[in-house]
Amino acid sequence: ENTPKFIGVSEILQHSTNYTCELLKKELEINLYELEEKWHFSSLERIFIENRIYRNIEELDDWDKIIKTIHEGIAPYITKFKRVVTNEDVEKLTEIKIKRITRFDLDNSNNELLKLEKNIALAKDNLRNLTEYAIKYFKDLKVKYSSGNERKTEIKIFESIDAKKVVVASKKLYVNKE
């Protein structure tokens with residue numbers, strides 16, 4: 001309310017911890033969204049390449065027909081996705097380089113999807129158990145920044161300052177040769 005508020009250390013610590021938890025939650029939600037998007041596109045890409053849907057668009061020259069054909073090719077697999085396949089997703093598929101298609105490794109792709117699924121499950125678990133995650137976060141901070149990161153500055157008592165020495169040290173003296 002635009003006035004100073006006098007609070008104790010416990011209240012400051014509580015406020016700071018709650019704020020950190022909110023930030024951690026937002027960070028986890030962003031991470032989860034990014035992981036799910038990556039999983040979605042990796043799955044889409046795998047289906048696109050594995051089922052050779054790209055061959056259906058080789059002879060097409062109309063952009064709308066290309067998008068429609070890819071949507072039709074993906075339609076039988078639509079239940080495998082966690083969200084709706086958009087036109088933007090399909091446009092990304094058209095940007096896949098031929099090198100990526102020819103060097104596509106199904107086992108590697110499946111392993112990557114499994115890793116993404118593990119990370120998604122971990123992010124969801126961390127969101128469900130936010131307090132435990134925050135405690136672990138603070139402990140990790142302590143481990144990361146405690147040993148080997150000792151203070152590098154020295155604490156010294158300042159002596160009384162002599163004004164004449166300061167003036168002489170900061171004053172430029174000029175010589176007039178005339």
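**Exercise 1.** Find how many residues the largest nonpolar core has, and which of them have the most contacts inside it.

Solution. Start with the count: the largest nonpolar core has 17 residues. A core here is a set of buried Ala, Val, Leu, Ile, Met, Phe, Trp, Tyr and Cys residues joined through side-chain atoms within 4.5 Å, and buried means under 20% relative accessible area, exposed over 50%, partly exposed in between (1.4 Å probe, protein chains only). Those with the most contacts inside it are Leu44, Phe48, Ile70, Ile74, Phe81, Val85 and Leu93. Next, the helices: α1, α2 (63–74) and α3 each supply at least two residues of this core. Helices are DSSP runs of H or I, at least four residues, numbered from the N terminus. Finally, there's a second, separate core of seven residues, with Leu32, Leu35, Leu113 and Leu116 among them.

Before going on, a note on the source: this is a predicted model, where local features need pLDDT of at least 70 and side-chain atom pairs count only at pLDDT 80 or more, while totals for chains, interfaces and linings use all residues. Residues are numbered from 1 along each chain as its sequence is written, and side-chain values use heavy atoms, with hydrogens and water left out.

**Exercise 2.** Work out which residues Val85 is in contact with, leaving aside its neighbours within four places in sequence.

Solution. Contact means heavy atoms within 4.5 Å. With that cut-off, Val85 touches His40, Leu44, His71, Ile74, Ile78 and Val90.

**Exercise 3.** Describe how α1 packs against α3.

Solution. First, the geometry: the axes of α1 (residues 9–50) and α3 (residues 87–94) come within 11 Å and cross at roughly 55 degrees. That makes α1 oblique to α3 (under 35 degrees is roughly parallel, over 145 roughly antiparallel, 65 to 115 roughly perpendicular, the rest oblique). Then the residues: His40, Phe41, Leu44, Glu45 and Phe48 in α1 meet Asp89, Lys92 and Leu93 in α3.

**Exercise 4.** Now do the α1 and α6 pair: what is the angle?

Solution. α1 and α6 (residues 130–145) pack at about 105 degrees, with their axes 10 Å apart. The two are therefore roughly perpendicular to each other. On the α1 side, the residues include Thr17, Cys21 and Leu28, and on the α6 side Tyr133 and Phe138.

**Exercise 5.** Is Asn2 buried or exposed?

Solution. Asn2 sits in the segment before α1 and has a positive phi of about 60 degrees, although it is not a glycine. Its relative accessible area is 84%, so Asn2 is exposed.

Conventions. Axes fitted to C-alpha atoms, helices over the stretch in contact; angles between N-to-C directions.
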